[in-house]
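Reader: I would like to go through this model with you. Shall we start with the ground rules?

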Amino acid sequence: MKLYPPKTGFATHCIHGCPDTNVTNSPVQPSIAQTSIFRLGSSADAEAIFSGSKAGYVYSRFGNPTVAELAQMIAELEGGGEALITSSGTAAVLCAVTAAMEGRSGPLVTHRDIYGGSFELVGMLSDIYRLPVELVDSTDNEAWIRAVSRAGAVLLETPCNPLMRLIDLERTIAAAKAGNVPVIVDNTVATPFNQQPFDFEVDWVVHSLSKYLNGHSDMIGGCLIHRTGLSSRHRAIHKNLGGTVNALDAWLVIRGLRTFALRMETHNRQALSVANWLAARPEVAQVHYPELPSHPQASLFRKQMTHGGGLLSFEFKRGETAAVQFIDRLRLIVHAVSLGGLESLVVRPASSTHRGMSSETRRLAGISDGLVRLSIGLENLDDILADLDQALAT
Ligand SMILES: *Cc1c(COP(=O)(O)O)cnc(C)c1O
């Protein structure tokens with residue numbers, strides 16, 4: 001008997017949404033199917049599984065019960081049809097781009113300020129496999145919409161960090177629909193708690209599970225979700241690209257998801273407080289956070305997001321020297337890349353995530369040497385503010 005009623009609230013789904021733990025006398029926590037292979041049974045059973053006439057597991061790269069549980073939870077959290085889980089967010093982007101570009105003649109359209117790893121990936125696909133790629137400046141709305149309307153497929157990220165710029169989902173989809181252009185949205189920074197791209201009828205949502213969804217900075221993974229459902233071709237692409245996740249890491253994400261709603265409420269609340277606090281400091285030239293009324297796209301924020309999320313960046317009036325000194329003085333906030341974990345993190349993009357760019361390209365992209373990015377964690381807000389305060393003091 002199924003115990004869990006579908007269509008419950010978001011937090012309830014995070015706690016009770018794991019399908020196989022909702023039948024009588026099942027373990028309340030899912031089991032970890034730590035195996036590479038499955039018994040095929042008789043030759044007739046094997047024939048049925050291989051021919052696809054009967055559902056069944058064969059080999060964990062093709063499918064695994066623990067991974068399948070996670071896929072179902074994630075598809076429901078995003079309000080999509082079906083999901084595939086990958087070994088990293090980058091593998092998810094590769095899978096989604098491959099699926100979306102199949103049979104398409106135009107270029108893959110993306111923007112210059114997309115996540116650095118995705119930027120490098122599409123650059124490599126273009127150099128090595130001659131994938132046609134068009135890079136657009138996302139702040140030039142008209143150029144973006146024109147490129148979308150004649151694209152093979154679109155890969156976009158909103159908000160994109162570190163400057164927390166937004167891309168208009170409604171306008172992008174309207175332009176894409178005219179030419180049947182598949183649109184992939186990287187929802188890693190916003191998370192399904194704060195933004196549901198399927199409400200705007202995008203085709204694919206991708207995530208790095210390594211960030212908020214797992215939330216504990218202890219695994220690397222990704223996922224891609226299709227709005228309506230996966231074709232056998234989509235599943236074949238996922239299987240043959242090979243970037244599948246193992247059962248133990250999938251289990252860690254299921255475990256992390258239990259507290260996802262609770263964590264996001266705190267990330268959202270604390271990041272907004274920190275953004276307001278920083279905006280009032282004399283050392284700070286500018287704070288980039290979508291929920292601040294001073295954000296240049298505040299009305300777009302209200303249209304497509306419910307909260308600003310846990311990530312923000314700010315610029316020092318005194319530039320690089322002040323930013324370096326600030327990072328070196330922090331005691332609680334950890335100097336590390338990534339985002340979305342329990343612990344507050346700090347990086348200076350010019351010297352870390354964006355160091356591959358020339359200083360001229362960085363300047364054009366708006367990444368100043370005095371820019372600092374903060375991922376606000378779940379420590380007590382007073383402790384976070386006290387650490388920021390002592391590090392800012394001159
Ligand atoms: C981290 C990240 C990725 C890549 O994910 P990995 O798990 O590191 O491969 C993709 N997009 C965004 C927005 C990210 O923050």
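Author: A salt bridge here is a side-chain nitrogen of Lys or Arg within 4 Å of a carboxyl oxygen of Asp or Glu. The model is predicted.

Reader: Is Lys54 buried, partly exposed or exposed?

Author: Buried means under 20% relative accessible area, and exposed means over 50%. Asp45 has 29%, so Asp45 is partly exposed. Lys54 has 39%, so Lys54 is likewise partly exposed.

Reader: How far apart are the closest N and O atoms of Glu102 and Arg233?

Author: The structure holds 14 salt bridges. Glu102 and Arg233 form one, with their closest N and O atoms at a distance of 2.7 Å.

Reader: Now the ligand. Which pocket does the ligand sit in?

Author: The ligand is surrounded by 13 residues; Asp186, Ser208 and Ser210 are among the closest. This shell divides into 3 nonpolar, 7 polar and 3 charged residues. The ligand's site is the second largest pocket.

Reader: How much of the ligand's accessible area does the protein cover?

Author: A polar backbone atom of Gly89 is 2.9 Å from one. For Thr90, a polar side-chain atom lies 2.8 Å from a ligand oxygen, and for Lys211 a side-chain N or O atom is at 2.7 Å. Of the 370 Å² that the ligand has on its own, the protein covers 92%.

Terms used:
Residues are numbered from 1 along each chain as its sequence is written. This is a predicted model: local features need pLDDT of at least 70, side-chain atom pairs count only at pLDDT 80 or more; totals for chains, interfaces and linings use all residues. Side-chain values use heavy atoms; hydrogens and water are left out. A residue is near a molecule or strand if one of its heavy atoms lies within 4 Å of it. A polar contact is a pair of N or O atoms within 3.5 Å; within protein, one must be able to donate a hydrogen and the other to accept it, and residues adjacent in sequence count only if both atoms are side-chain atoms. Accessible areas come from the Shrake-Rupley method with a 1.4 Å probe; for residues, only the protein chains shown count as cover. On a 1 Å grid over the protein atoms alone, a cavity is a set of points where a 1.4 Å probe fits but cannot get out, and a pocket is an open set with protein on both sides within 12 Å along at least five of seven lines; lining residues have an atom within 4 Å of a point. A molecule sits in a cavity or pocket if more than half of its atoms lie within 2 Å of its grid points. Ala, Val, Leu, Ile, Met, Phe, Trp, Tyr, Cys and Pro count as nonpolar, Asp, Glu, Lys and Arg as charged, and the others, Gly among them, as polar. Buried means under 20% relative accessible area, exposed over 50%, partly exposed in between (1.4 Å probe, protein chains only).
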